[in-house]
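Me: Hi! I would like to learn how to read salt bridges in a protein structure. Could you walk me through them?

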Amino acid sequence: MTPPPKQIKMSLTVPQEDFVFSEAKHPGMVAGYGCVAGRTRIWTEHGLMRIADIDRPMRVLSWNEKDQRFQLSLSGGSFPKGRERLIRVEGPFGGFYGASHHRILCEDRTYQALEDCPKAFVACPNTFGARVEDCRALQSLNNLHCNRQLAEWLGRYADMAREYGQQFLAGFHPDSNVRYGGRVTYYDLQVLDTNNYVCEAGFIHHNSGKSHAAVVRIAIRALQYPNLSFGFVEPTFDLIRLIAYPRFMNLFDDWGVTYKLNRADNIITVENGAQIIFRSADTPDRLVGFEVADAVIDEADTLRPEQAADVWSKMLGRCRQKKPDNTPNTLAAVSTPEGFGWMYEAFGKTLRPGYELIRAPTSSNPYLPDGYVEQLEATYSTSQLAAYLDGQFVNLNSGSVYPGYDRRLNHTNTVEQPGEPLHIGMDFNVTNMSAIVHVVRDNQPRAVNELVKVFDTPEMIRIIQERYRGHRIFVYPDASGSARKTNNASISDHALLRAAGFVVCVNTRNPAVKDRVLSMNKSLENREYLINVDRCPMLAESLEKQAYNKSGEPDKGAGFDHTNDAASYFVVYRYPIQSNRPRLALVVGI
C-alpha cells in the first residue's frame, strides 16, 4: 500500500491504527458504547450538569492534548447508548461510574482504560469552576467549532441520537439510578476538537473514536491515490450533513489539505483530484451509478439487519476502481454492536476469509453495582461476574437472559461415545418440540447435540431410539408434561417417555423461572456448561439472543426460548443453585 503523505500527523489509539491501516479486504471495527452513568456530572460552560441533562448544544470543558491546556469545546448534547455493568473509579477528589473500555488522562499525560485501574489521574487541585470561567473568557465566539451552523448540526444529531437511543432503551427510565438486573443506562457525548470531557472530580474522559478511525481511513486513502474515488456511507443523509462533512473538513484543515465540498452532489474533492463520495444507506436501491476504490459504512448496526446486508452487497459492487499499485479494493464497516445484528452475522458469528474484526478495546472485571439482584449477589462472586468484553456483541433489547454465555469460551468439541449415558433436556410444544442431548464428564455437563422442531412426543421418542441405540437415556422434561399431551392420544407426555424405557428425572413441579435462569447462568459463567456449537447451532444462537420482555420475563415471542428451556430443565435439576432449604425431587421410571 502507498504510504500516507509525510505532512500527515495522526494520533491514533492501537485499535484505531489497526483499523485505519488494515490490509484486509473487509475490516470491521466495533467499539463499546458511551462513557458514564447518566447521573455523572461534567463541567460545562453553565457549570456542573448531569450528562443525562445535556440535551442541547453547549460547550464542555475538555483537554487540548496539542496545547496541553483545558478549553471549552462544542458538544451537541448527550444521548443514551446502552446498559453496562460500570466500573467504579476513585480518585483524589471523588469518583464516578464509567464503562471500562473508556480512557482517562493520567499524570504521565497518557490515556489509560478504566479497566487497567490507573491511579495517578490528571485532576486539578482547585475547583474546576474557575477553569470554566477562565475558558469562557478566553474562548473566541468566532471559533470554528463554536459557530451557529455547527452548533445546529451537532444539536440535530444529538436529538436524533437521543430519539434512537430511547427506542432501543424503551421501557427503561433514562435516569441511570434506575437499574435493571444490575445494569444502568449510560450516556455518550460528542465533543469536537478534543474528543474528551472533564467530569466533576476532575477526571478527563476520552471516547473510543471508532467513527474517527473510519474518517481517517478514507481520508488517508484519498491522499494516497490521486484522481480515484472513495465511498463513505452513513445511515441517513442528515448524518452525512451533520457529522460526516464536518469531520472530514476538520481533518483536512488540521492536515493543511485543500478541498472543495459540493453539497449538491455530496462529494468532497481533495487537492490531488481524489473524491470522497457520500451516500445514504436508507435507500439501498440508490447505491448505483458510481465506482470507488475503497469505502466505509459507518454505524452499520443502526440499520435493520436485512437493510445492512443489502447496503453491504450494493457497496461491494461499487468497490471496483483499479488502483495503480494493484492492491485489492476494500469495503469496511464500523459500528457500536447493536445486539446480534448485521455486524454480528458478518464479523462476529463466523469470520469469513478476507474479513477482520477489530475491537476498540476490550474490558474486563466490570464493577458489580449497588442494588444488584439479591439472589445473584448471593450466588455469584465478583470474579464470576467479570465475564464481558466491551465491544462484544450483547443483547440490548431488554437485557440478555443468559449474559454468561460466550460462544468461544463455552465451546467444546465433545461428542457422545458408544454406550455412554445420555442426559436429554426436553421442552414440550405442539408441533415444535426441542431436546438438548448432554453427556456428563467428570460431573461437568456437555451439550453434544440438539433435536429441534420435532412434531410431537412420539416423533421425538422415535428419533431418540433410532439415533441413540445402545445408550441409556435420562430425560429431564418440562414438569407440566405429567398432564400435558403434545399428541392426540390420551396418554401424557411423561407416560410416553417412561413407556419407551427412558428414565424420567423430574420434580413435582417446574422450578421458578428465575431459579432455572440462575442455574444456567452460573454454569455458563463458570465455564462448566459447554456446548458443541457445530452440533447445537440453535442452542448457541438462542442463548445469545433471548432477551427479557417488558414484564421482566424471558421473552417467548422470538422463538429463542425452546432450546434454552430444554437445556435449563436438565441444568436446574442436576446443578441447582444451592440454598439452605432441603431439595425435594421425584425420580420416576427407574
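This is a predicted model: local features need pLDDT of at least 70, side-chain atom pairs count only at pLDDT 80 or more; totals for chains, interfaces and linings use all residues.

Me: What can side chains of opposite charge do when their charged atoms come close?

Reply: They can pair. Here the cut-off for a salt bridge is a nitrogen of Lys or Arg within 4 Å of a carboxyl oxygen of Asp or Glu.

Me: How many salt bridges are found in the whole structure?

Reply: The search finds 17. One of them is between Glu-306 and Arg-304, with 3.1 Å between the closest N and O atoms.

Me: Is Glu-306 buried or exposed?

Reply: Glu-306 has a relative accessible area of 51%. Exposed means over 50%, so Glu-306 counts as exposed.

Me: Which residue does Asp-565 meet in a salt bridge at 3.2 Å?

Reply: That partner is Arg-516. The pair links distant parts of the chain, as Asp-565 lies in helix H14 and Arg-516 in helix H12, 49 residues apart. Both Asp-565 and Arg-516 are buried.

Me: What is the distance between the closest N and O atoms of Lys-556 and Asp-565?

Reply: It is 2.9 Å, and these two residues form a salt bridge.

Me: Which residues do salt bridges with shared partners join into one network?

Reply: The network is made of Arg-516, Lys-556, Asp-561 and Asp-565.

Key:
Residues are numbered from 1 along each chain as its sequence is written. Side-chain values use heavy atoms; hydrogens and water are left out. A salt bridge is a side-chain nitrogen of Lys or Arg within 4 Å of a carboxyl oxygen of Asp or Glu. Buried means under 20% relative accessible area, exposed over 50%, partly exposed in between (1.4 Å probe, protein chains only). Helices (H or I, at least four residues) and strands (E, at least two) are DSSP runs, numbered from the N terminus.
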